[in-house]
Amino acid sequence: MKKRVLTDFDLHLIGEGTHYKNYEKLGAHVVEVNGVKGVHFAVWAPNAKRVSVIGDFNHWDGKKHPMKLLGDSGIWEIFIPGLDEGELYKFEVKSKYRGYKEQKADPFAFYFEVRPKSAAIVYNIENKHQWQDAEWMEIRRKKNWFESPVAIYEVHLGSWMRVPEDNNRFLTYRELADKLIPYVKELGFTHIELLPISEHPLDASWGYQTIGYFAPTSRHGRPEDLMYFVDKCHQNEIGVIIDWVPAHFPKDAHGLGYFDGTCLYEHEDPRKGEHRDWGTLIFNYGRNEVTNYLISNALFWLEKYHIDGLRVDAVASMLYLDYSREPGDWIPNIYGGNENLEAIDFLKKLNEVVHQYHPGVLTIAEESTAWTGVSRPTYLGGLGFSMKWNMGWMHDTLEYFSKDPIYRKYHTNNLTFSMLYAFTENFILPFSHDEVVHGKRSMLDKMPGDTWQKFANLRALLGYMYGHPGKKLLFMGSEFGQWREWNFDESLDWHLLQHEPHKKLQRFLSDLNNLYITEPAMHEVDFEWHGFEWIDFHDSDNSVISFIRRAKNHDDFLVFVFNLTPIPRFGYRVGVPGGGFYREILNSDSEIYWGGNLGNAGGVYADNVPCHARQFSLNLILPPLSILILKPA
């Protein structure tokens, strides 16, 4: 009796959208049937007239290995004896309609040829890597990330570092483990976030136009090499977040688009099914098999690659039917609104399932609007994400810091406005890749003034980011002051670290991360009011602001003071909660950071002089373009 790989129960679960391990049944799998070893292939193509497996083994002839349709499931399968790992293959799909015939990449392939080639490779990812991260995984499962430091280093693997002596090639996943992980650990980041590593045909898409959702890109090696990289991160107490793109996919002929001669994964009506800005297609979230595909893919990365978080790209484009569309170019929902009800249901389900099966994993929304409850539980009416990027804070902050200091006094609201909504979501404060491309200039080059002022401004900006409530994200290169905009096709300018200002900026960021991790007041209460108090934001004329951050222990607090002009302030009084000695634990103007070395000689005693509605105050020297952090002894 032949043992079936795909059972009736499998087909039922796939049809209702709840087969969260469908990648174990669909795609290509090396199996043994009746004592014969071979490869079982299966693919969903309900509107196909014929589906065949093609490859080197049959000279890419679609007549050689036609597949069998399983009832009315829309799923085709075939077992081909004698095949093994390493075989190149595609599906030749001939539609019932319009004479359509196309060679399609396997939507569930685990491994692909290196681009520009596009065939899938039969590959068994089981038992390829012996994981050594059991301790990390157990700690992660119980971790309260909301009260923990989360400092994310955002990385594009293809351009973090190249090998110039070897034709400027990419680093492999294993080389990245040897080079990137020690670097991130030394700088004090808690997480690495990878721009999409799913297989994609076009380097210039940065990975955001995915073809192989279940395959890590072969640009950097084999699947087990990525497992090795993640494992090494975990052994060094570094979490790994990946950018994940369930919002859209490219139109490449071998991809998901028009898969069986019909709009199978996407909407047929271009008013719902096409992102004209990006030249891509939008998933049809109203189809069980499509949402099943995406949710099982999310779980796949968490399960098979031990990924610690999913940063979900372009959530706003999913939530709104009229996203980037003119009137008349979108279709309202059944209630006449612009909300994409099917996408909302999908995102809620995604977050519920991820948190159910993988407690301790973060789901992070890149969502650029004021949608309510993005990072609130679904049982409270939210979307269920763990955290959300604070795009408004990012925009306002960069607008402020890019201005000549002489004009900053008119724009203090750019720094204070975020506190009106800072605790409505669980926010991450991002200075991401999107802010250093397309003419926006690098973080350092955005800053006004001469070279010294640019570096001082950037130190103050980073200090403000770390003082402000919310978790942190910084794109690679910003930590040492890359002058050029990010170029996906070139390495970062590591040679800049030969120069003192860049090396010392890097040290400042490292010290900032170390403070962030060791000081509970900087990370324990990021998402509630009682972790933050203004001291003063009214001194717009001098562009000085000050505030307090508190830990869960109310008596554990830090004082932050910012002077955001190039003019030093002597005898500047700042109200504080109590008396005693306040140690200056960080001064961004220190000589070790390439500053002017103006400061308060390590700290000051509080005077019994009322100021800012507080009984005690500090008489401070405020260096130019600086941040001071003071801690009561």
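Author: A residue counts as buried under 20% relative accessible area, as exposed over 50% and as partly exposed in between, using a 1.4 Å probe and protein chains only. The structure is a predicted model, in which local features need pLDDT of at least 70, side-chain atom pairs count only at pLDDT 80 or more, and totals for chains, interfaces and linings use all residues. Residues are numbered from 1 along each chain as its sequence is written, and side-chain values use heavy atoms, with hydrogens and water left out.

Reader: How many of the eight residues of strand β3 are buried?

Author: Strand β3 covers residues 48-55, where strands (E, at least two residues) and helices (H or I, at least four) are DSSP runs numbered from the N terminus. Because β3 is largely enclosed by the rest of the structure, the number of its eight residues that are buried is six.

Reader: Are helices α1 and α7 roughly parallel or roughly perpendicular to each other?

Author: The axes, which are lines fitted to C-alpha atoms over the stretch in contact, with angles from 0 to 180 degrees between N-to-C directions, come within 6 Å for α1 (residues 8-16) and α7 (residues 288-304) and cross at roughly 100°. Angles under 35 degrees count as roughly parallel, over 145 as roughly antiparallel, 65 to 115 as roughly perpendicular and the rest as oblique. The relation of α1 to α7 is therefore roughly perpendicular.

Reader: How many of the residues in the contact of α1 with α7 are charged?

Author: With contact taken as heavy atoms within 4.5 Å, Leu 13, Ile 14, Gly 15 and Glu 16 of α1 meet Asn 288, Glu 289 and Asn 292 of α7. Ala, Val, Leu, Ile, Met, Phe, Trp, Tyr, Cys and Pro count as nonpolar, Asp, Glu, Lys and Arg as charged, and the others, Gly among them, as polar. The contact then divides into two nonpolar residues, three polar ones and, for the charged class, two.

Reader: Is Phe 9 buried or exposed?

Author: Phe 9 is found in helix α1, and its C-alpha atom is separated by 9.4 Å from that of His 19, ten residues apart along the chain. Because its relative accessibility is 55%, Phe 9 counts as exposed.

Reader: What is the angle between the direction of helix α14 and that of β28?

Author: The open sheet of six strands has antiparallel pairing in the order β24-β25-β26-β31-β28-β29, with β24 (532-536) and β29 (603-605) as edge strands that each pair on one side only. Neighbouring strands of this sheet are turned by 25° against each other on average, direction ignored. Helix α13 (residues 451-467) packs on the sheet, touching β25, β26 (557-563) and β31 (626-632). Helix α14 (residues 500-518) also packs on it, touching β28 (581-587) and β31, and its direction makes with that of β28 an angle of about 135°.

Reader: What is the omega of the peptide bond from Arg 115 to Pro 116?

Author: Pro 116 is found in the loop between β7 (101-104) and β8 (120-121). The peptide bond from Arg 115 to Pro 116 is cis, with omega near 10°.

Reader: Does Ser 324 count as buried or partly exposed?

Author: Ser 324, in the loop between α8 (315-319) and α9 (341-357), has a positive phi of about 55° although it is not a glycine. Because its relative accessibility is 46%, Ser 324 counts as partly exposed.

Definitions and conventions: Pairing = 2+ DSSP bridges.
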